[in-house]
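Let's take a walk through this structure together, beginning with the whole chain and then stopping at two of its residues. Keep the 3D view open as you read.

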Amino acid sequence: MARHAILVIDMLNDFIGEKAPLRCPGGDDIVPTLQELLKWVRAREDDDIHLVHIQEAHRKNDADFRVRPVHAVKGTWGSDFIKELYPEGEEYIVPKRRHSGFAHTDLDLYLREENIDTVVLTGVWTNVCVRSTASDALYNAYKVITLSDGCASKTEEMHAYGLNDLSIFTKVMTVDAYKKAWENGEDAWAGGGDAENKVK
């Protein structure tokens, strides 16, 4: 049976909310959708879907700051999760210092230890950290699903471009379609990618 990990990427104080210095406006809009998704997962009676929270947590002089404003420094308010989507119980937290949740972290080790074969992407930014994490998931031979209404970017255009790229090698679907697939005993990843080279 398939085992999934839903990655909640960078839903942090420095990105989400009116006080966020590096605000991702679309990120505010997906909070209720992600709350419902997390509630659904937490209410399940089995452990075939794991919740994994990816947390940007830079060092003070991180190389990322050569190309982007200083943000999400480890131990600061900005690097902490927004209260609406705070991790609970034993949900795994993966700190990262690069765009991808896999880059120089123990995410791959965790997934392999838990026999997870499918990575499900949510969070911000669709065209940056979500896309980078998706690429590395594919490189590590995971099946990849992108929840289109569970991701967001700085602009709707950036989000759309990101989803277009992601549709080449992931299964792009809505949160409701994902939940329905599980509830109907279907393989949510079926038909993923662009095997017929149709994406433009």
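The chain's secondary structure amounts to 5 helices and 6 strands, where helices (H or I, at least four residues) and strands (E, at least two) are DSSP runs numbered from the N terminus. What you are viewing is a predicted model, in which local features need pLDDT of at least 70 and side-chain atom pairs count only at pLDDT 80 or more, while totals for chains, interfaces and linings use all residues. Residues are numbered from 1 along each chain as its sequence is written, and side-chain values use heavy atoms, leaving out hydrogens and water.

Now for the overall form. The C-alpha trace spans about 45 × 40 × 30 Å along its principal axes. A compact globule with 200 residues would have a radius of gyration near 16 Å, and the chain agrees with its 16 Å; this radius is taken over C-alpha atoms, and the globule rule is 2.2 Å times the number of residues to the power 0.38.

Of the 200 residues, 51% count as buried, meaning under 20% relative accessible area, with exposed being over 50% and partly exposed in between (1.4 Å probe, protein chains only).

You will find asparagine 13 in the loop between β1 (4-9) and α1 (25-43). Why does asparagine 13 count as buried? Its relative accessible area is 10%, and buried means under 20%. Beyond its neighbours within four places in sequence, asparagine 13 is in contact with Ala20, Pro21, Trp77, Gly78, Asp80, Phe81 and Ile82.

The other stop is tyrosine 142, in the loop between α3 (126-139) and β5 (143-152). Tyrosine 142 is also buried, with a relative accessible area of 5%. If residues up to four places away in sequence are not counted, tyrosine 142 touches Phe102, Asp108, Leu111, Arg112, Ile116, Asp117, Val119 and Ala137. Look for the C-alpha atom of valine 120 as well: it is 9.9 Å from that of tyrosine 142, and the two residues are 22 residues apart along the chain.

Key: Contact means heavy atoms within 4.5 Å.
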